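Here is a short report for a first look. It covers a helix pair, a loop residue and an aromatic pair.

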Amino acid sequence: MLTDLPNVGPSLAGDLRRIVIETPAQLAGQSLLALYERLCEVTGIRHDPCVLDVFMSITCFVDGGPSLPWWDYTAERKALLAR
């Protein structure tokens, strides 16, 4: 279940379903930027950049990383977007 992932509640699980992510396994190897851009396209709005932090946390987790709070990825996201 998507809500079994760290930092994913019902609302974000619904957002993931909107971009055709139905299971945690489908996140393996995904680009967090591509997921974010697809979500923005599908919903027609620019989401808060913290959504990227959550995408970083769940793609890292699914790829074998630790379960960390989303805000642990904020500095990494800011550095990524600054490039």
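At what angle do helix α3 and helix α4 pack, and how far apart are their axes? This is a predicted model. In it, α3 (residues 50–62) and α4 (residues 74–82) pack at an angle of about 110 degrees. Their axes are 9 Å apart. Angles of 65 to 115 degrees count as roughly perpendicular, so α3 is roughly perpendicular to α4. The crossing of the two helices is right-handed.

Which residues meet there? From α3 come C50, L52, D53 and M56. From α4 come T74, E76, R77 and L81. By class, this contact has four nonpolar, one polar and three charged residues.

Next comes the loop. Y73 lies between α3 and α4. Leaving aside neighbours within four places in sequence, Y73 is in contact with D53, M56, S57, C60, P66 and L68. Y73 and P6 are 67 residues apart in sequence. In space, their C-alpha atoms are 13 Å apart.

Then the aromatic rings. The count comes to one aromatic pair. W70 and W71 form this pair, and it is edge-to-face. The ring centres lie 5.6 Å apart, with 80 degrees between the planes.

| Residue | Relative accessible area | Class |
|---|---|---|
| Y73 | 6% | buried |
| W70 | 29% | partly exposed |
| W71 | 53% | exposed |

Buried means under 20%, so Y73 at 6% counts as buried. Exposed means over 50%, so W71 at 53% is exposed.

Terms used:
Residues numbered from 1 in each chain as written. Predicted model: local features only at pLDDT ≥ 70, side-chain atom pairs only at ≥ 80, totals over all residues. Heavy atoms only, no water. Axes fitted to C-alpha atoms, helices over the stretch in contact; angles between N-to-C directions. Helix = DSSP H or I, 4+ residues; strand = E, 2+ residues; numbered from the N terminus. Parallel < 35°, antiparallel > 145°, perpendicular 65-115°, else oblique. Left-handed = near helix turned anticlockwise from the far one by under 90°. Contact = heavy atoms within 4.5 Å. Nonpolar A, V, L, I, M, F, W, Y, C, P; charged D, E, K, R; others polar. Buried < 20%, exposed > 50% of the residue type's maximum accessible area, 1.4 Å probe, protein only. Phe/Tyr/Trp six-rings, centres within 6.5 Å; stacked < 30°, edge-to-face > 60°.
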